[in-house]
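This report covers the fold, the helices and the ring contacts of one protein. The sequence and structure come first, and the text follows.

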Amino acid sequence: MAMTDTERGSSNRAESGSPFSEIIELNVGGQVYVTRHITLVAVPDSLLWTMFSKKAPKDLARDGKGRYFLDRDGFLFRYILDYLRDLNLVLPDFFPEKSRLQREAEFFQLRDLSKRLSPRMSKENSINEEICQSDTEEGALQCGTGSSGVGMETLRMMTAMSSAHSQSLESRKSGYITIGYRGSYNIGRDIQTDAKFRRVARITVCGKTSLAKEVFGDTLNESRDPDRPPERYTSRYYLKFNFLEQAFDKLTEVGFHMVACSSTGTCAYTSNDPNEDKIWTSYNEYVFCRD
């Protein structure tokens with residue numbers, strides 16, 4: 001059970017004059033974090049700095065166990081806390097939540113972190129834009145003399161882009177991904193026009209971590225297995241949507257094709273009356289492969 005500030009005692013206070021304890025317990029979206037007060041106030045003028053240096057403990061929301069409560073993404077807050085510890089950020093490989101993490105950084109008013117997470121153009125793209133935006137004479141000096149020089153440079157750029165695209169297609173890894181779901185089918189009577197024929201609770205994803213992240217990106221929920229290395233396998237991912245066809249489309253777009261499927265099902269009546277609706281419950285798996 002979380003301890004209150006009074007129970008921890010005055011010997012465990014933060015810096016002199018602070019009404020907060022040295023050790024702070026947080027409940028962020030249902031995830032519990034324990035950290036030091038000095039960590040939360042590491043960035044001046046940030047939201048956490050304001051909460052834990054300018055406000056009194058009684059002014060902050062708490063949960064039923066006395067922890068300070070923040071109604072934010074509990075999974076992504078671990079990276080916010082990591083950044084506050086040493087003002088540096090190291091993300092896992094193939095991290096798909098950068099845009100959402102940037103949104104969290106903006107909410108917590110961590111401007112430097114938000115800038116680091118913002119999409120930035122590569123140096124090559126920046127140079128190309130500068131060339132395109134320059135005047136005619138300057139462009140002629142950079143790309144060659146005369147229109148033939150400009151044309152040759154454009155041709156070389158297009159060839160390089162085509163080659164890079166071909167290499168990216170060739171470098172795609174082969175492997176298998178299994179899509180599974182448990183659904184229920186309501187076979188209503190003929191007079192029922194509102195019978196629900198398919199209800200999918202959750203679509204699961206099994207396979208190599210790097211392949212799953214490549215295919216599904218931001219639509220993949222990794223909360224059950226957040227730190228799995230890219231070359232390891234997992235069966236704990238699931239999708240943030242409930243449409244099988246959407247999952248199939250994403251797989252085919254990156255070169256996967258179905259090679260096997262299986263299904264099991266049971267049937268039950270909603271009551272003892274055999275004339276009532278039948279409810280079928282099934283578990284289905286679809287195996288996709290990319291050679």
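In helix 10, the buried residues are Thr209, Ser210, Leu211, Ala212, Lys213, Val215 and Phe216. Buried means under 20% relative accessible area, exposed over 50%, and partly exposed in between, with a 1.4 Å probe and protein chains only. Helix 10 spans residues 209–216 and is mostly covered, with seven of its eight residues buried. Just after helix 10, Gly217 has a positive phi of about 55 degrees.

The model is predicted: local features need pLDDT of at least 70, side-chain atom pairs count only at pLDDT 80 or more, and totals for chains, interfaces and linings use all residues. Residues are numbered from 1 along each chain as its sequence is written, and side-chain values use heavy atoms, with hydrogens and water left out.

**Overall figures**

The protein has eleven helices and nine strands. Helices (H or I, at least four residues) and strands (E, at least two) are DSSP runs, numbered from the N terminus. Of the 291 residues in the protein, 37% are buried. The exposed surface comes to about 18,100 Å², of which carbon and sulfur atoms supply 52%; accessible areas come from the Shrake-Rupley method with a 1.4 Å probe, and for residues only the protein chains shown count as cover. Among contacts with a separation of 6 or more, 58% join residues 24 or more positions apart. Contact here means heavy atoms within 4.5 Å.

**Helix 5 and its neighbours**

Which residues of helix 5 are buried? In this helix, residues 98–107, they are Leu101, Gln102, Glu104 and Ala105. Viewed down the axis of helix 5, these buried residues fall within an arc of 160 degrees, so they line one face of the helix. The arc is that of the directions from the helix axis to the C-beta atoms. As background, an α-helix has 3.6 residues a turn, so residues three or four places apart point the same way.

The buried residues of helix 5 pack against helix 4 (77–86) and helix 6 (111–117). Ser114 belongs to helix 6 and is buried, with a relative accessible area of 10%. Leaving out residues up to four places away in sequence, Ser114 touches Gln102, Ala105 and Glu106. Just after helix 5, Gln109 takes a positive phi of about 60 degrees.

**Aromatic rings**

Rings of Phe, Tyr and Trp (its six-membered ring) pair if their centres lie within 6.5 Å; planes under 30 degrees apart count as stacked, over 60 as edge-to-face and the rest as tilted. The count comes to eleven aromatic pairs. Two of them are set out below.

| Pair | Centre to centre | Angle between planes | Class |
|---|---|---|---|
| Phe77 and Phe108 | 5.6 Å | 55 degrees | tilted |
| Phe248 and Phe288 | 5.3 Å | 40 degrees | tilted |

Phe77 is buried at a relative accessible area of 1%, and Phe108 is buried at 1% relative accessibility. Ring pairs also join Tyr33, Phe77, Phe107 and Phe108 into a cluster.

Phe248 lies in helix 11 (residues 244–253) and Phe288 in strand 9 (residues 278–290), so their pair ties together parts 40 residues apart in sequence. Both Phe248 and Phe288 are buried.

A charge sits over a ring if NZ of Lys or CZ of Arg is within 6 Å of the ring centre and within 35 degrees of the ring normal. Arg72 lies over the face of Phe107, at 3.8 Å from the ring centre. Arg202 lies over the face of Tyr238, at 3.9 Å from the ring centre.

**A hairpin and a loop residue**

Strand 1 (residues 23–28) and strand 2 (residues 31–36) pair in the antiparallel sense over six bridges. Two strands pair if DSSP finds at least two bridges between them. Ile23 has Arg36 in strand 2 as its bridge partner. The hairpin of strand 1 and strand 2 has two residues between the strands, and Gly29 there takes a positive phi near 55 degrees.

Lys55 is in the loop between helix 3 (47–53) and strand 3 (68–70). Is Lys55 buried or partly exposed? At 40% relative accessibility, Lys55 counts as partly exposed. Its contacts, leaving aside neighbours within four places in sequence, are Phe20, Thr50 and Leu60. Lys55 and Phe20 are 35 residues apart along the chain, and their C-alpha atoms are separated by 9.7 Å.
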